[in-house]
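Opening the notebook on this one.

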Amino acid sequence: MIVTFTANPSLDRTVALPGPLERGEVQRAVSVSQESGGKGVNVSRALVASGLETIAVLPGAGSDPVLAGLLHDGVPFAALPIDEPLRTNVALTEPGGVTTKINEPGPLLSEDQQEALIKLLLECARGASWVVLAGSLPPGFPADFYATVTRRLRAAADGGGPLIAVDSSGGPLVAAVSGPSPDGTVQHGTSPDGVSGKPDLLKPNAEELAELAAAAGFATASTADELEADPEAAAAAAAAVVRSGVGAVLATLGSKGAVLVTADGAWLATHPPVAAVSTVGAGDSSLAGYLLAHGRGAAPADCLRQAVAHGAAAASLPGSTVPAVHQTTPDAVTITALRKD
């Protein structure tokens, strides 16, 4: 069982344009589609498509279109009832896969609702192999929320329990590496009782990897473009994050593939070019592919192989459509061992 946790889910609307986006002009859409979304929700959708057992934990009223979409798609979920509607995100896709996203902030949840959401997750996570903490946080959530949840999951399991993956950005992602301090500020990743708030797996893109490496004290600053162009630099940046106490880093580098770094090695995976239709959800599909392979006992390099195969397949599908494993081509992926220092 893989449990996903999406604190800020969304109804994802994708508008396909016939040509490049023209600012200030009127354009007619070729097509419009919508899916229940948010990073964790997308991971669960991809896992369901491949026949894996999963449950998506999220807030939302029973009548909310996001929950209705999950019911329609056969995605199991556990929802904390809230009064406010969930957000709607809009993606504008141009021919060739260029995507412009407009994301709403999401509903405001009280501290009591935040605590209730954590307790719902703890209940659903009993016996799970992985828990995926994914996406942005709604307004009012502390930046170290994911680090706190990670510690709560581990404390509840008394040293056992699920492996934990984090896929976020900005403050929540950096705090997942830095972790919470006893007074609530973001300083370090272990609480006074010795329980670590650092995840077993981080799934950044190139921009987020640059941010993470800086937070982990990596001396060589690199931009997202530089990391995408230089896989060895990406591996070195990811290695700095691993040295900070994170179990592994799966860094997606767009059309350049992805890099996986663990304490034992570093690998680059590339896929032949695909005709990109929409990049929405491609990173989430990559994470689902990694988890699918990991659940089958695959070696780290082969988990990376399936991650890239899933991401490439997702980019070739319209909107936020997620691929099933039979739609992916892992045999087309090339794996190269890298230096990480």
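Sheet. I traced four strands in an open sheet, ordered β3-β2-β6-β7, with mixed pairing. My strands are DSSP E runs of at least two residues and my helices H or I runs of at least four, numbered from the N terminus; two strands pair if DSSP finds at least two bridges between them. β3 (31–37) and β7 (99–102) are the edges, each with a single partner strand, so one side of each lacks a neighbour in the sheet. From one strand to the next, the twist averages 20°.

Housekeeping. This is a predicted model, where local features need pLDDT of at least 70 and side-chain atom pairs count only at pLDDT 80 or more, while totals for chains, interfaces and linings use all residues. Numbering starts from 1 along each chain as its sequence is written, and side-chain values use heavy atoms, leaving out hydrogens and water.

Strand pair. I looked up β2 (residues 10–16) and β6 (residues 87–93): they run parallel, joined by seven bridges. Ala16 has Thr93 as its bridge partner in β6.

Helices on the sheet. Helix α1 (residues 39–49) lies across β2 and β3, at about 95° to β3. Helix α2 (residues 65–73) also packs on the sheet, touching β2 and β3, and its direction makes about 90° with that of β3. Contact here means heavy atoms within 4.5 Å; axes are lines fitted to C-alpha atoms, for helices over the stretch in contact, with angles from 0 to 180 degrees between N-to-C directions.

Helix pair. Which residues of α3 meet α4? I noted Gln114, Glu115, Ile118, Lys119, Leu121 and Leu122, against Phe145, Val149, Arg152, Leu153 and Ala156 in α4.
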